[in-house]
Amino acid sequence: MDLLRRIGVPLAAILIFLALWEGIVWWNGWPNYKMASPSDLPPAYGRYWQLFLTMGWQTLWRTVAGLGLAVIFGTLLGMVMGFSRIARDGLYPLLVGFNAIPKATLVPVLALIFIGQHDFNTVLMAFLISFFPIAVSVGIGLSTLEPEYRDILRSLGASKLTIFWKIALPKTLPEFFGALKVSVTLAFIGTNLVEIVSPHGRGLGALFKSGETNGDYPLMFAVLIALAFLGILLYYAVVALERIFAGWAERPQH
């Protein structure tokens with residue numbers, strides 16, 4: 001029953017959303033060059049299915065690569081800020097200031113610095129836009145660690161590594177996975193920013209730009225739905241990992 005609820009409720013919500021979308025387009029009598037409907041999308045997938053597979057994979061692996069870098073460097077930076085008050089006071093203003101910069105303005109800067117390195121630029125943008133929530137969540141989780149736990153373990157002769165492994169890491173995991181869920185969507189935004197803006201772009205963002213250039217609205221909306229599908233897929237991959245490593249933190253709901 002629980003498995004049925006976990007699968008059935010999201011699926012029902014998606015079907016209701018698609019039905020409402022179809023109904024709004026039908027009610028207003030919008031042609032597909034003004035607003036594509038869900039029924040316009042299957043022909044687009046059938047016509048360009050090879051491009052969707054190829055470019056969808058390109059978008060996915062770049063996003064996962066950027067997200068992986070964000071996890072590594074965001075976690076390390078969060079650990080530095082969590083264990084050092086001086087580092088936290090010095091780095092927080094820099095991180096907040098950097099995060100306030102619209103990332104779209106960084107795309108041409110990266111393109112000029114790393115000319116012709118499209119894959120690198122795309123992965124780098126996915127990393128830059130997604131590491132902030134991870135670093136902040138890990139830093140806050142470690143900095144709010146109850147000192148009583150550390151004092152007790154130290155009195156028992158535990159090393160700093162043992163304290164981190166036994167107390168700090170488990171306490172930080174729920175915040176970490178919460179931030180990782182946010183970073184998943186941000187990483188896709190970073191990837192598609194570069195794919196759309198770059199003149200030699202590849203991936204779903206470039207396919208969307210192609211549909212826009214040719215006035216193919218069904219293709220454009222098909223790309224948006226494909227991006228949403230990949231985002232949902234990666235999100236639930238994070239949820240699965242969360243249940244494996246931090247399932248103990250989930251409270252039963254009645």
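A crossing of two helices is called left-handed if the near helix is turned anticlockwise from the far one by less than a right angle, and right-handed if clockwise. The views below belong to a predicted model, in which local features need pLDDT of at least 70 and side-chain atom pairs count only at pLDDT 80 or more, while totals for chains, interfaces and linings use all residues. Residues are numbered from 1 along each chain as its sequence is written, and side-chain values use heavy atoms, with hydrogens and water left out.

**View 1. Overall architecture of the protein.** The protein holds 10 helices and 0 strands, where helices (H or I, at least four residues) and strands (E, at least two) are DSSP runs numbered from the N terminus. Read from the N terminus, the order of elements is α-α-α-α-α-α-α-α-α-α. Of the 254 residues, 38% are classed as buried; buried means under 20% relative accessible area, exposed over 50%, and partly exposed in between (1.4 Å probe, protein chains only). The accessible surface amounts to about 15,000 Å², and carbon and sulfur atoms contribute 72% of that surface; such areas come from the Shrake-Rupley method with a 1.4 Å probe, and for residues only the protein chains shown count as cover. Among contacts (heavy atoms within 4.5 Å) with a separation of 6 or more, 74% join residues 24 or more positions apart.

**View 2. Helix H4 against helix H6.** The axes of H4 (residues 85–100) and H6 (residues 118–143) come within 11 Å and cross at roughly 150°. H4 is therefore roughly antiparallel to H6. Axes are lines fitted to C-alpha atoms, for helices over the stretch in contact, and angles run from 0 to 180 degrees between N-to-C directions; angles under 35 degrees count as roughly parallel, over 145 as roughly antiparallel, 65 to 115 as roughly perpendicular and the rest as oblique. The crossing of H4 past H6 is left-handed. On the H4 side, Arg88, Tyr92, Leu95, Val96, Phe98 and Asn99 meet Leu128, Phe131, Phe132, Val136, Ile140 and Ser143 of H6. These contact residues comprise 9 nonpolar, 2 polar and 1 charged, with Ala, Val, Leu, Ile, Met, Phe, Trp, Tyr, Cys and Pro counted as nonpolar, Asp, Glu, Lys and Arg as charged, and the others, Gly among them, as polar.

**View 3. Helix H3 against helix H10.** H3 and H10 (residues 217–246) have axes that come within 11 Å and cross at roughly 40°, and the two helices are therefore oblique to each other. H3 passes H10 in a right-handed crossing. From H3, the contact involves Phe52, Gly56, Thr59, Leu60, Thr63, Val64 and Leu67, and from H10, Leu219, Ala222, Val223, Ala226, Leu227, Leu230 and Leu234. The contact contains 11 nonpolar residues, 3 polar and no charged.

**View 4. Helix H3 against helix H9.** Between H3 (residues 49–83) and H9 (residues 204–213), the axes come within 7 Å and cross at roughly 130°. Leu51, Phe52, Met55, Gly56 and Thr59 in H3 meet Leu204, Gly205 and Leu207 in H9. This contact divides into 5 nonpolar residues, 3 polar and no charged.

View 5. Val138, a residue of helix H6, is buried, with a relative accessible area of 4%. Beyond neighbours within four places in sequence, Val138 contacts Thr75, Gly78, Met79, Thr172 and Phe176. Ser84 occupies the loop between H3 and H4 and is partly exposed at 25% relative accessibility. Its C-alpha atom is separated by 9.8 Å from that of Leu142, 58 residues apart along the chain.
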